[in-house]
Amino acid sequence: MSDPLRSALAVLPEYLSQHVLLSAAALALGVALSVPLLIAARHSARLRWPVLAAASLIQTVPSIALLALFYPLLLGLSRLTGRLFGVRFQALGFLPSLLALTLYSILPILRNGVTAVVSLDPAIVQAAHGVGMTSRQRLWRVELPLAAPMLMAGLRTSAVWVIGTATLATSVGQTTLGNYIFTGLQLANWVWVLFGCGAAVALALVTDQLLALIAFGLAHRRPRLAWLGLCLLVAGVAAAAAVPLTGSRRAGFVVGAKNFTEQYILAALISSRLRAEGYPVTERTGLGSRLAFQALAANELSVYVDYTGTVWHDDLHHSSDPPRAKLLSELRTELRRRYGIVLLGPLGYENAYVLAMRRRRAAALGIRTVADLARFAPRFALGGDLEFFARPVWHDLKRRYGLHFRALRQYEPAFMYHALMSGAVNVIAAFSSDGRIAEDHLVLLKDPLHVIPPYDAVILLSPRAARNPALRRALEPLINHIPIGLMRHANFLVDRRNDKRTPRQAARWLAHAAHLR
Amino acid sequence: MIALRGVCKTFDGGASYAVRDVSLEVPARTFVAIVGDSGSGKTTLLKTINRLIEPEAGEVYINGEPVRSVAPHELRRRIGYVFQGVGLFPHLSIAQNIGITPRLAGWPEEAIRARVEELIDLVRLPRTFLTRRPAELSGGQRQRVGIARALAARPAIVLMDEPFGALDPVTRDGLGTECRRLHESMRLTTVMVTHDILEAVLLADRICVMRRGRVVADGEPHELLAGHPDPAVRTLMDMPRRQAERVRALLEERAARE
Ligand SMILES: Nc1ncnc2c1ncn2[C@@H]1O[C@H](COP(=O)(O)OP(=O)(O)O)[C@@H](O)[C@H]1O
Ligand SMILES: [Mg+2]
């Protein structure tokens with residue numbers, strides 16, 4: 001068996017069980033919400049219209065945005081309950097995913113249910129009155145049983161949507177089958193991407209068929225079949241609930257990683273050091289940049305690696321550009337003062353944005369610096385990651401060097417390099433520690449005006465984690481011990497097209513090569 | 001037994017009346033037929049009796065008590081209703097359909113089962129039908145079940161809205177006779193809406209003719225057949241007699257030829 005396949009199978013119980021539990025909870029909640037709504041709205045056109053319109057509106061919000069929007073909302077709510085009642089809850093992971101998916105599950109159930117109830121044969125409704133049924137008896141004995149086939153069809157649609165959309169919950173820190181897809185995309189590990197898609201499709205198909213079995217049993221008065229389907233569904237959820245989570249969720253540390261290779265490697269490195277000290281560790285990988293910082297401030301992550309320039313500009317919203325050493329010290333004091341976050345120290349390398357071109361092309365045109373590039377920019381397309389064009393550094397580059405590109409294109413980092421090599425773009429905003437720079441023979445353009453701020457990689461500890469001296473002891477040996485060359489090579493081990501290593505293997509290589517104690 | 005006093009019903013805020021100022025007395029154990037053109041207000045009038053429709057004005061009494069003083073579902077459990085479109089519940093078995101009102105009224109299961117078997121015999125259907133669904137029955141069989149359902153909770157009053165409207169003539173005739181038999185044996189008070197004047201003449205003790213929401217004639221069949229001041233009622237009542245005379249003439253003609 002190939003290595004990526006074996007590593008995929010190893011985490012399948014955890015990913016699958018988490019996916020099943022999340023989807024089942026969202027569906028159950030969706031049914032619990034939509035059926036009362038349906039009952040309330042069934043005889044009232046005035047209520048039906050706004051309810052259906054609201055449900056449809058929710059459906060049009062892109063799922064990934066809905067998921068991301070729930071995090072700050074819940075975080076604010078958690079702060080509020082913390083202040084009012086002294087109780088805070090986990091705003092990252094399960095809860096925002098559950099809420100977003102629940103909202104998604106409502107529409108198909110509600111719409112099918114309303115259609116079924118509205119289109120009931122009036123002769124039968126009349127008969128229900130005529131034989132002396134009360135409103136409640138009409139509902140339970142006539143309306144719901146007759147609407148059941150349509151309702152079941154709606155539930156099946158819902159189930160398939162929810163299971164598919166649940167893969168996106170990875171981006172708010174909930175482990176699902178989406179972890180295969182997100183991680184696979186970041187690390188250009190196509191086996192994982194396919195595995196994740198396949199697993200999600202299989203899960204959706206199986207669930208759909210079991211629901212179909214229940215519907216068939218109900219429609220054809222074969223209660224045994226309906227029970228069989230229900231029991232199998234419940235057994236599946238129960239089995240998922242029985243799968244032990246890797247590492248206890250409460251007691252141990254939570255190591256975060258944003259969504260690119262280096263972050264996965266550093267998270268693996270940090271985790272292995274904490275585990276070696278005997279701590280249970282959970283990894284939350286593939287997080288959005290801002291989300292990781294907020295989660296750290298809220299103690300939902302214990303530790304992750306960020307970059308001085310990113311935190312300074314994007315999280316603390318400064319527009320000044322202090323020199324490297326000053327930035328580090330000001331950042332340290334401000335993080336401590338405003339958030340209680342502890343900047344443990346720099347790892348010893350920078351991962352700055354840097355404009356890069358193919359070496360031969362740059363040489364042919366005589367481009368060595370960003371200033372040289374400005375002349376050619378109107379004929380060029382520039383590729384950036386999903387966040388680059390929204391960052392202050394891009395606006396500064398544009399303004400100071402007078403850059404005007406023919407086109408700007410956004411990519412997942414893995415695809416950005418492909419785009420450059422295939423000629424879809426001529427220049428990319430690469431990352432200086434990226435392994436693909438060497439692999440693809442790229443040349444990094446110099447920044448003579450020093451527009452690009454320093455991006456020293458630093459270890460950040462959450463307020464709570466910082467109080468643990470053993471954690472600090474375990475991580476302090478990393479400080480200033482990771483030179484750029486080693487980090488670049490570790491990234492290269494994972495990103496290269498042949499003989500790819502897993503982030504964990506690269507972390508092991510890095511620990512060895514850097515002579516870490 | 002049933003009394004209607006000045007009952008009015010409009011569906012369009014008073015621009016027109018489906019039932020206009022109808023007063024009617026139906027003594028206990030009589031069989032009354034309401035006849036009239038389509039749209040003359042027969043169904044609407046019938047539904048005011050068990051509150052499927054609430055009149056704008058007037059009052060309906062049962063045994064001297066206004067029906068408005070009784071909760072609608074309680075009232076309806078005491079009055080059998082046979083619907084124009086039958087309206088059997090498609091998801092319930094024949095036994096469950098027949099036993100629905102006793103079940104709603106909270107009869108014990110044993111009593112419901114016994115009553116259901118009694119009724120299926122009474123409407124002359126095989127007991128093997130009890131486990132079937134309505135879709136597995138013919139139109140006539142379904143209407144027999146509809147009648148059994150209406151009678152299940154031992155009502156004293158049965159309302160029937162064109163119960164045989166969609167049936168073939170032979171089935172229709174048989175079921176009509178059946179209804180009259182049940183009316184006698186169960187000592188019912190029956191109000192039956194029909195647009196078939198012959199059926200009314202043959203089954204009812206009394207016939208009410210409706211036109212544009214009003215009762216324009218009310219009497220025993222032989223009285224109405226003997227003549228009526230309203231020319232439209234005369235034409236209507238002439239129909240069964242003319243048909244009967246034509247049939248007799250045909251038969252005599254054939255007998256003479258032979
Ligand atoms: N639910 C209703 N809404 C509006 N108009 C109605 C309704 N039911 C009956 N009508 C009108 O009332 C009149 C009498 O109807 P109905 O009692 O059904 O007549 P019949 O049973 O004699 O054919 C008709 O003009 C019909 O269009
Ligand atoms: Mg009618």
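1. In this predicted model, the contact between the two chains draws on 17 residues of chain A and 20 residues of chain B. About 1600 Å² is buried between chain A and chain B, and carbon and sulfur atoms account for 65% of that area.

2. On the side of chain A that touches chain B, at least two residues come from each of helix 5 (122-130) and helix 6 (135-165) of chain A, and helix 5 of chain A gives the largest share, which is seven residues. Sorted by class, this side of chain A holds nine nonpolar, six polar and two charged residues.

3. Where domain 2 of chain A meets domain 3 of chain A, 19 residues of domain 2 are in contact with 16 residues of domain 3. The area buried between these two domains of chain A is about 1500 Å², with 44% of it coming from carbon and sulfur atoms. Which three residues supply more of the area that domain 2 of chain A buries against domain 3 than any other three? They are Asn351(A), Arg488(A) and Arg497(A), which together supply 37% of it.

4. Two salt bridges are counted between domain 2 and domain 3 of chain A, and eight residue pairs are in polar contact there, both residues of each pair being at pLDDT 80 or more. The elements that each give two or more residues to the side of domain 2 that touches domain 3 are helix 10 (261-276), helix 12 (308-315), strand 4 (342-350) and helix 21 (484-495) of chain A. Helix 21 of chain A provides the largest share of that side, six residues, and the residues of the side as a whole divide into five nonpolar, six polar and eight charged.

5. One further pair deserves a look in the viewer: the side chains of Arg436(A) and Asp495(A) form a salt bridge, with an N to O distance of 3.4 Å.

How values were computed. Residues numbered from 1 in each chain as written. Chains lettered and ligands numbered in written order. Predicted model: local features only at pLDDT ≥ 70, side-chain atom pairs only at ≥ 80, totals over all residues. Heavy atoms only, no water. Contact = heavy atoms within 4.5 Å. Buried area = accessible area lost by both parts, 1.4 Å probe. Salt bridge = Lys/Arg side-chain N within 4 Å of Asp/Glu carboxyl O. Polar contact = N/O pair within 3.5 Å; in protein donor to acceptor, adjacent residues only side chain to side chain. Helix = DSSP H or I, 4+ residues; strand = E, 2+ residues; numbered from the N terminus. Nonpolar A, V, L, I, M, F, W, Y, C, P; charged D, E, K, R; others polar.
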